[in-house]
Amino acid sequence: MRSGVRLGIDPGDARIGVASSDPSGFLATPVETVRSGGGDVRRIAQLVEELGAVEVVVGLPLSLNGSEGPAADKARALAGRLARRVAPVPVRLCDERLTTVSAESILREQGRRGAKRRAVVDQAAAVLILQTALDTERSSGQAPGEIVEVTDE
């Protein structure tokens, strides 16, 4: 298992959930929710620097059959902008099917309702994305997902 803090990103149209791992790459925890749109990549890049992240894992929302739709296109675009901004820190895309649904279920079970749940569901989804990536790497010995190539666009 590679060492170093990693960030997990749950991209969304309105909000972006952010989580981080401990330096050993064992446990993911929530960090904050960033408003999507102007300044979102700048804020995530600040978190990469502040936390000393060695990698960023962006959730790729695939459909249940594994195909990519408009949400996956948006996640890829965000990951590309982020990769250009934080280079040479690598950015990876990892399958995030059903993480938001799972996060909402967990929060409901904890008794969080309405606005309180909406305020943290994106962070909880980012935790699930990152924790899955960490667990996958620990069990397989391979970095998860696909690396985002930095382009000059």
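Reader: Is Arg6 buried or exposed?

Author: In this predicted model, Arg6 is buried, with a relative accessible area of 1%.

Reader: Which strand is Arg6 found in?

Author: Arg6 is found in strand E1.

Reader: And what does Arg6 touch?

Author: Leaving out residues up to four places away in sequence, Arg6 touches Met1, Ala19, Ser20, Ser21, Gly25, Val54, Glu55, Leu130, Leu134 and Glu137.

Reader: Let us step back. How many helices and strands does the protein have?

Author: The protein has four helices and six strands. Starting from the N terminus, the elements follow the pattern β-β-β-α-β-α-β-α-α-β.

Reader: In what order do the strands lie in the sheet?

Author: The six strands form an open sheet in the order E3-E2-E1-E4-E5-E6, and the pairing is mixed. Strand E3 (28–35) and E6 are the edge strands, each pairing on one side only.

Reader: What holds paired strands together, in general?

Author: Strands of a sheet pair through backbone hydrogen bonds, and the pairing is either parallel or antiparallel.

Reader: Then do E1 and E4 run parallel or antiparallel?

Author: E1 and E4 run parallel and are joined by four bridges. Within this pairing, Ile9 has Val58 of E4 as its bridge partner.

Reader: What about E5; which strands does E5 pair with?

Author: On one side, E5 (residues 91–95) pairs with strand E4 (residues 55–60) in the parallel sense, over five bridges. Val91 in E5 is the bridge partner of Val56. E5 is also joined to strand E6 (residues 146–147) by two bridges, and these two strands run antiparallel. There, Arg92 has Ile147 of E6 as its bridge partner.

Reader: Why is E5 described as largely enclosed?

Author: Four of the five residues of E5 are buried, so the strand is largely enclosed by the rest of the structure.

Reader: What do E4 and E5 make together with helix H2?

Author: E4, helix H2 (residues 70–86) and E5 make a right-handed β-α-β unit.

Reader: How do the helices sit on the sheet?

Author: H1 lies across E1, E2, E3 and E4, and runs at about 150 degrees to E3. H2 packs on the sheet as well, touching E1, E2, E4, E5 and E6, and its direction makes about 170 degrees with that of E4.

Reader: Which residues touch the most other members of the largest nonpolar core?

Author: That core has 27 residues, and those touching the most other members are Ile9, Val56, Val58, Leu82 and Val91. Two or more residues each come from strand E1 (6–10), strand E2 (15–21), helix H1 (40–51), E4, H2 and E5. H2 gives the largest share, seven residues. Another core, of ten residues, lies apart from it and includes Ala19, Ala28, Val127 and Leu134.

Reader: A change of topic: is Leu64 buried or exposed?

Author: Leu64 is exposed, with a relative accessible area of 67%. Leu64 is found in the loop between E4 and H2. Its C-alpha lies 6.9 Å from that of Arg97, although the two residues are 33 residues apart in sequence.

Reader: And how does Lys74 count?

Author: Lys74, in helix H2, counts as partly exposed, at 47% relative accessibility. Its C-alpha atom is separated by 9.4 Å from that of Pro61, which is 13 residues away along the chain.

Reader: Which peptide bond is cis?

Author: The peptide bond from Ala87 to Pro88 is cis, with omega near 15 degrees. Pro88 lies in the loop between H2 and E5.

Reader: Finally, what share of the whole protein is buried?

Author: Of the 153 residues, 42% count as buried. As for contacts with a separation of 6 or more, 64% are between residues 24 or more positions apart.

Key
Residues numbered from 1 in each chain as written. Predicted model: local features only at pLDDT ≥ 70, side-chain atom pairs only at ≥ 80, totals over all residues. Heavy atoms only, no water. Buried < 20%, exposed > 50% of the residue type's maximum accessible area, 1.4 Å probe, protein only. Pairing = 2+ DSSP bridges. Right-handed = clockwise from strand over helix to strand, strands pointing away. Core = buried A, V, L, I, M, F, W, Y, C linked by side-chain atoms within 4.5 Å. Contact = heavy atoms within 4.5 Å. Axes fitted to C-alpha atoms, helices over the stretch in contact; angles between N-to-C directions.
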